[in-house]
Amino acid sequence: MKFFTGNMMRSVSLLASSLLLLFLIPSCHKNEPCTTCPPSGPDTTSHSFNFTQFTFGGNAGSSYFNDVAIINDSLAYAVGAVYLTDSLGNPDPNAYNLAEWNGYNWQLLRIEFLTFCGQSGTTSAPAEAIWCFNDSDVWIASSNSQITTWNGKSQGAIMCLPVSVSKMWAVNKNALYTVGPLGQIGFYDGATWTKIESGTTLDIRGLWGVVDPMTGEPSLVAVASNGAMIPQGKKLLSVQGLTVSAVSDSGLAYSISGTWFLPGQYYVVGDGLFTTAALGQVWREDSTQPLLYKNAIRGNAANDIVVAGSYGLLSHYNGSSWKQYTGADIPSFNGEYTAVDMKGHMLVAAGWMDQKAVVLVGLRK
């Protein structure tokens, strides 16, 4: 008969303990939830898009787009001014101020505005801004302080405003905000337009807002700047109802043009890309960005953001990294994207190149 020595007994005991631990410690199986597995990193979205560029005009005057809005993959709009030649080959002074995307191509349309408020004559004045509630309720602002609506087939009544408009943001048709040059802010309650005092004479170039899910009240941020003009000036404005207050712009460049935010994450673009977790805090510049001017920023979520700017700049943030699309992805050009929008798996950037209006459609692969 063999007997176990003390060392042998300790070895057997250690082996038994190890086997027991293997049964007790939870494992990280692919198909089972695991609370002890290490985090896998942030959720990301795809950088991969198929891009198609479209250009309009160029032989009858300077054409351009100022703003863009997506309703769905098969319906989007760009507004501005596209000048073409008439049937005789002569420059047509009447602009096409609305372009409609049908999922495959863009159709140029003319929206009429009053030549002068209070008179009956109309003209297809350049359009400055657009806001879409749905496919049959699109609001379009002109360069001569007017707004009209488009239902997909015809336009509605023309409204004269007490302010000029460069950007719009709305909760619904009873709470629509506009911003524009010289610090102008307007509010429409569904019946009456009100001019809101902004406290600045700088041009307000960007506007965005969110609705508090608990109170239903909107909170907006507007950015104002002289751009490259002297003297330089900048303002960051918080809009709550009909009250406007300046908030800290510490850390921001003097030239700022656009904003977009979610609760807890704010962005401002212009001569750089800047972020902060809360209004009133110092803004931090993202030093990884290319040294090109950034006009506009939009997003679906914190992990799906697009920025557009000069020389065809287009960058996408996927929750972990930024990708700048280069000549291998999209055409580069001596012009700029002045506006961008993003919805679902589609993005649209619009602006000008040389004498042409340009729009870029990206569909995620």
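Reader: In what sense do β17 and strand β18 pair, and over how many bridges?

Author: β17 and β18 (residues 234-240) pair in the antiparallel sense, over 6 bridges. Two strands count as paired from at least two bridges, so the 6 bridges here meet that cut-off. Note that this model is predicted.

Reader: Which residue of β18 is the bridge partner of V223?

Author: L236 is the bridge partner of V223.

Reader: What holds paired strands together in general?

Author: Strands of a sheet pair through backbone hydrogen bonds, either parallel or antiparallel.

Reader: What does I147 contact, beyond its neighbours within four places in sequence?

Author: Its contacts include F113, W139, M168, T178 and W193. Among the others are I140, A141 and L161.

Reader: Why is S142 called buried?

Author: Its relative accessibility is 1%. Buried means under 20%. The value falls under the cut-off, so S142 counts as buried. S142 lies in strand β9 (residues 137-142). Leaving out residues up to four places away in sequence, S142 touches F113, P126, A127, E128 and V165.

Reader: How do you know that C117 and C160 form a disulfide?

Author: Their sulfur atoms are 1.9 Å apart. The cut-off is within 2.5 Å, so the pair qualifies. The structure holds 1 disulfide.

Reader: What makes this disulfide left-handed?

Author: The torsion about the S-S bond is about -105°, so the disulfide of C117 and C160 is left-handed.

Reader: Which parts of the chain does the pair tie together?

Author: C117 lies in the loop between β6 (113-114) and β7 (122-123). C160 lies in strand β11 (residues 155-160). The pair therefore links parts that are 43 residues apart in sequence.

Reader: Why are C117 and C160 called partly exposed?

Author: C117 has a relative accessible area of 41%, and C160 has 34%.

Reader: Is C132 buried or exposed?

Author: C132 has a relative accessible area of 16%. That is under 20%, so C132 is buried.

Reader: Why is strand β24 called largely enclosed?

Author: 6 of the 8 residues of β24 (residues 294-301) are buried, so the rest of the structure largely encloses the strand.

Reader: How many residues lie between β24 and β25 in their hairpin?

Author: There are 2 residues between them. β24 and β25 (residues 304-309) run antiparallel, joined by 6 bridges. In β25, G309 stands opposite K294.

Reader: How many helices and strands does the chain have?

Author: 1 helix and 30 strands. Of its 365 residues, 47% are buried.

Notes
Residues are numbered from 1 along each chain as its sequence is written. This is a predicted model: local features need pLDDT of at least 70, side-chain atom pairs count only at pLDDT 80 or more; totals for chains, interfaces and linings use all residues. Side-chain values use heavy atoms; hydrogens and water are left out. Contact means heavy atoms within 4.5 Å. Helices (H or I, at least four residues) and strands (E, at least two) are DSSP runs, numbered from the N terminus. Buried means under 20% relative accessible area, exposed over 50%, partly exposed in between (1.4 Å probe, protein chains only).
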